[in-house]
Amino acid sequence: MIGIKLYTPLIAVSLLFFKCDNFAQSPKATQNTAKKIAVKKIVAPILPAADRLDAYLDYLKGRKIGMLINQTSVIGINKTPLVDSLLKLGVNIKKIYGPEHGFRGNASDGAEIDNTIDKVTGLPAISLYGKHNKPTPEDLKGIDLMIFDVQDVGTRFYTYISTLHYVMEACAENNIELMILDRPNPNGVYVDGPVLDTAGYRSFVGMHPIPVLHGMTIAEYAQMINGEGWLKNKVQCKLKIIKVANYQRDMDYTLPVSPSPNLNSAQSILLYPHICFFEGTALSLGRGTLFPFQVIGSPMLKGKYSFSFKPVSIPGMSDNPPLKDKVCYGLDLKNYNMQTIRKSGKLNLAWVIDMYKIYPDKEHFFIPYFARLAGNDELRKQIIAGKSEAEIRQSWEPALTKFKATRSKYLLYK
């Protein structure tokens with residue numbers, strides 16, 4: 001796995017100096033010069049909830065703890081695994097639960113994972129991306145408080161929020177409280193995209209009637225799941241939320257650890273919501289390279305683009321990537337300025353629309369998975385019909401506006 005550069009909070013310092021043109025000319029000039037005082041504006045660093053031990057450690061005393069965690073569940077500048085820290089502090093952790101990619105985050109996309117014993121802690125590690133996605137009563141036996149601490153990336157089809165749903169449901173049904181240690185959403189500035197049609201397109205990559213980009217943190221999203229009655233039989237999960245400190249959703253946030261094997265850089269995380277639609281096409285998104293979700297291409301585009309890459313098998317990242325061992329030609333987005341999209345606040349549709357127009361074998365451009373990612377089959381039909389981006393966006397209403405109003409009830413941050 002390629003690690004993401006450690007996030008180092010920046011201290012913004014603004015110094016206002018007095019103008020010194022001709023300052024030494026005469027005493028009169030000195031007397032007439034207004035001295036300006038230097039001003040320092042200190043911006044406190046973003047502090048994920050897991051790092052705020054003082055806010056929740058006492059709450060864990062005397063409880064039997066289960067932890068839904070993965071490789072992103074770290075604290076401090078040394079990126080110490082949270083489970084290790086809590087064990088050293090005497091917290092009674094009974095079991096570990098892992099989402100897609102596993103507790104250690106080293107399983108390829110879609111790979112089923114078995115239950116095991118964690119070699120480092122000696123704790124039972126139960127997979128929630130193997131034989132089942134929802135913890136069973138047996139999985140939860142002996143637990144009276146569950147902790148959820150997993151870094152999300154803010155998109156509907158990233159499966160950690162689906163795991164959140166099932167953990168909440170299981171906790172509610174088994175009378176177990178769920179503590180959420182919240183983390184920032186690196187794509188939190190966006191609320192955009194088609195809203196999922198749950199009647200025909202509900203799946204593990206889209207369970208709820210939300211747009212592609214929901215603009216919420218995990219804790220905010222958990223409150224929405226409860227508040228909108230999305231759990232089976234409308235059960236309610238008892239939540240204990242620990243907030244991120246010093247956070248607003250328009251802040252830039254670079255993750256300290258890769259959230260999954262193929263989101264292995266800050267650029268891939270920012271590009272992911274905008275190009276993941278290509279997972280539902282005949283094109284490659286660079287799985288099987290060291291820069292997945294930063295390139296788009298196909299052998300069919302030879303002669304149309306000069307940039308090329310070749311996907312190969314990379315165990316632990318992409319064992320059998322699309323278009324394996326074939327030279328693909330297309331777009332290199334590794335250095336694309338994502339601030340241009342971020343400032344627009346909109347999901348980028350241009351890449352998928354333009355690629356469809358230039359792709360020579362249009363009949364085979366889309367695969368069935370595209371509808372799951374889009375949350376409906378309309379987007380595919382609209383692109384084929386040559387609809388403009390403005391026309392496509394208009395079709396997302398009024399569902400998108402309705403979602404924004406609903407979302408506002410559950411926000412914890414500005």
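In helix 6, the residues Ile218, Ala219, Glu220, Tyr221, Ala222, Met224, Ile225 and Asn226 are buried, where buried denotes under 20% relative accessible area, exposed over 50% and partly exposed the range in between (1.4 Å probe, protein chains only). The structure is a predicted model, in which local features need pLDDT of at least 70 and side-chain atom pairs count only at pLDDT 80 or more, whereas totals for chains, interfaces and linings use all residues. Residues are numbered from 1 along each chain as its sequence is written, and side-chain values use heavy atoms, with hydrogens and water left out.

The protein contains 13 helices and 12 strands; these elements are DSSP runs numbered from the N terminus, helices being H or I of at least four residues and strands E of at least two. Of the 414 residues in the protein, 51% are buried. Among contacts between residues at least 6 apart in sequence, 74% join residues at least 24 apart, a contact being defined by heavy atoms within 4.5 Å.

Helix 6 is largely enclosed by the rest of the structure, because 8 of its 10 residues are buried. The cover over these buried residues includes strand 7 (145–149), helix 4, strand 8 (177–181), strand 9 and helix 13. After helix 6 comes Gly229, with a positive phi near 70°.

Two packed helices are described by the angle between their axes and the distance between the axes. Helix 4 (residues 160–173) and helix 6 (residues 218–227) pack at an angle of about 50°, and their axes are 11 Å apart. Helix 4 is therefore oblique to helix 6: angles under 35 degrees count as roughly parallel, over 145 as roughly antiparallel, 65 to 115 as roughly perpendicular and the rest as oblique. The axes are lines fitted to C-alpha atoms, for helices over the stretch in contact, and the angles run from 0 to 180 degrees between N-to-C directions. The crossing of the two helices, helix 4 and helix 6, is right-handed, the near helix being turned clockwise from the far one by less than a right angle. Helix 4 contributes Ile161, Leu164, His165 and Met168 to the contact, and helix 6 contributes Ile218, Tyr221, Ala222, Ile225 and Asn226. By class, the residues of this contact between helix 4 and helix 6 comprise 7 nonpolar, 2 polar and no charged; Ala, Val, Leu, Ile, Met, Phe, Trp, Tyr, Cys and Pro count as nonpolar, Asp, Glu, Lys and Arg as charged, and the others, Gly among them, as polar.

At the other end of helix 4, Asn174 occupies the loop between helix 4 and strand 8. With 28% relative accessibility, Asn174 is partly exposed. Leaving aside neighbours within four places in sequence, Asn174 is in contact with Pro137 and Leu140. Asn174 and Leu140 are 34 residues apart along the chain, and their C-alpha atoms are separated by 7.9 Å.

Aromatic pairs number 17 in the structure; rings of Phe, Tyr and Trp (its six-membered ring) pair if their centres lie within 6.5 Å, with planes under 30 degrees apart counted as stacked, over 60 as edge-to-face and the rest as tilted. The pair of Tyr356 and Phe365 is edge-to-face, because the ring centres are 5.4 Å apart and the planes stand at 80°. Both residues are buried, Tyr356 at 9% relative accessibility and Phe365 at 0% relative accessible area.

Phe293 lies in the loop between helix 7 and strand 10 (295–298) and is buried at 1% relative accessibility. A positive phi, near 65°, also occurs at Asn246, in the loop between strand 9 (239–242) and helix 7 (266–275). Asn246 is partly exposed, at 40% relative accessibility. The peptide bond from Glu397 to Pro398 is cis, with omega near 5°, and Pro398 belongs to the loop between helix 12 (389–395) and helix 13 (399–407).

Tyr329 is placed in strand 12 (residues 328–332) and is buried, with a relative accessible area of 16%. Not counting residues up to four places away in sequence, Tyr329 touches Ile296, Gly297, Ser298, Pro299, Leu301, Lys302, Tyr305, Ser306, Phe307 and Ser308.
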